[in-house]
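This report covers a sheet, a helix packed on it and a set of charged side chains. Please keep the sequence and the 3D view open while reading.

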Amino acid sequence: GTPLTVRMPVVPGHNTAPEEIAAIAGHLHKCGLTEIMLLRYNALWEAKLPRLAHPPVAQELVHDEALFGGVGDAFARHGIRARAAEEGCDTDKGGR
């Protein structure tokens, strides 16, 4: 088969709840995958909202290193190896 790397941005309050991680891990297992690459949340996109005529975001989201590590630990409890994108990731491969 073709190698596949699943990359997931960790967005506080949006995909960090235990039931969400369990569902994602379950889907990865169904696909025969045992690893996920976690991307740290980056709020730089929010500066573009006024140019897109989009209303301001009501909740400011901030990267939380403890939460990020906790998400990785939660995946591990479901048998999924989670690693941070900085750990040897070649981001030029476009999601391969």
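## Ground rules

Axes are lines fitted to C-alpha atoms, for helices over the stretch in contact, and angles run from 0 to 180 degrees between N-to-C directions. Contact means heavy atoms within 4.5 Å. Helices (H or I, at least four residues) and strands (E, at least two) are DSSP runs, numbered from the N terminus.

This is a predicted model: local features need pLDDT of at least 70, side-chain atom pairs count only at pLDDT 80 or more, and totals for chains, interfaces and linings use all residues. Residues are numbered from 1 along each chain as its sequence is written, and side-chain values use heavy atoms, with hydrogens and water left out.

## The sheet

Three strands form an open sheet in the order E1-E2-E3, with parallel pairing. Strand E1 (7-9) and strand E3 sit at the edges, and each pairs on one side only. Neighbouring strands of this sheet are turned by 30° against each other on average, direction ignored. Two strands count as paired if DSSP finds at least two bridges between them.

E1 and E2 pair in the parallel sense over 3 bridges. Met8 has Leu38 in E2 as its bridge partner. In general, strands of a sheet pair through backbone hydrogen bonds, either parallel or antiparallel.

H2 lies across E1, E2 and E3. The helix runs at about 170° to E2.

Phe68 lies in helix H2. Is Phe68 buried or exposed? Phe68 is buried, because its relative accessible area is 6% (buried means under 20%, exposed over 50%, partly exposed in between; 1.4 Å probe, protein chains only). Leaving out residues up to four places away in sequence, Phe68 touches Val10, Leu38, Leu39, Arg40, His63 and Ala84. The C-alpha atoms of Phe68 and Pro12 are separated by 8.6 Å, although the two residues are 56 apart along the chain.

How many salt bridges does a search of the whole structure find? The search finds 3. A salt bridge here is a side-chain nitrogen of Lys or Arg within 4 Å of a carboxyl oxygen of Asp or Glu. Glu35, Arg81 and Arg83 are linked in a network of such bridges.

The side chains of Arg81 and Glu35 meet at 2.8 Å, N to O. This pair links distant parts of the chain: Arg81 is in strand E3, Glu35 is in strand E2 (residues 35-39), and they are 46 residues apart. Glu35 also forms a salt bridge with Arg83, with the closest N and O atoms 3.0 Å apart.

Arg83 lies in strand E3 (residues 81-84). Arg83 counts as buried because its relative accessible area is 15%. Arg81 is partly exposed at 46%. Glu35 is partly exposed at 29%.

## The Glu65–Arg40 bridge

Glu65 and Arg40 meet through their side chains in a salt bridge of 2.8 Å, N to O. Glu65 is in helix H2 (residues 65-77), Arg40 is in the loop between E2 and H2, and the two are 25 residues apart. Glu65 is partly exposed, with a relative accessible area of 43%. Arg40 is partly exposed too, at 29%.
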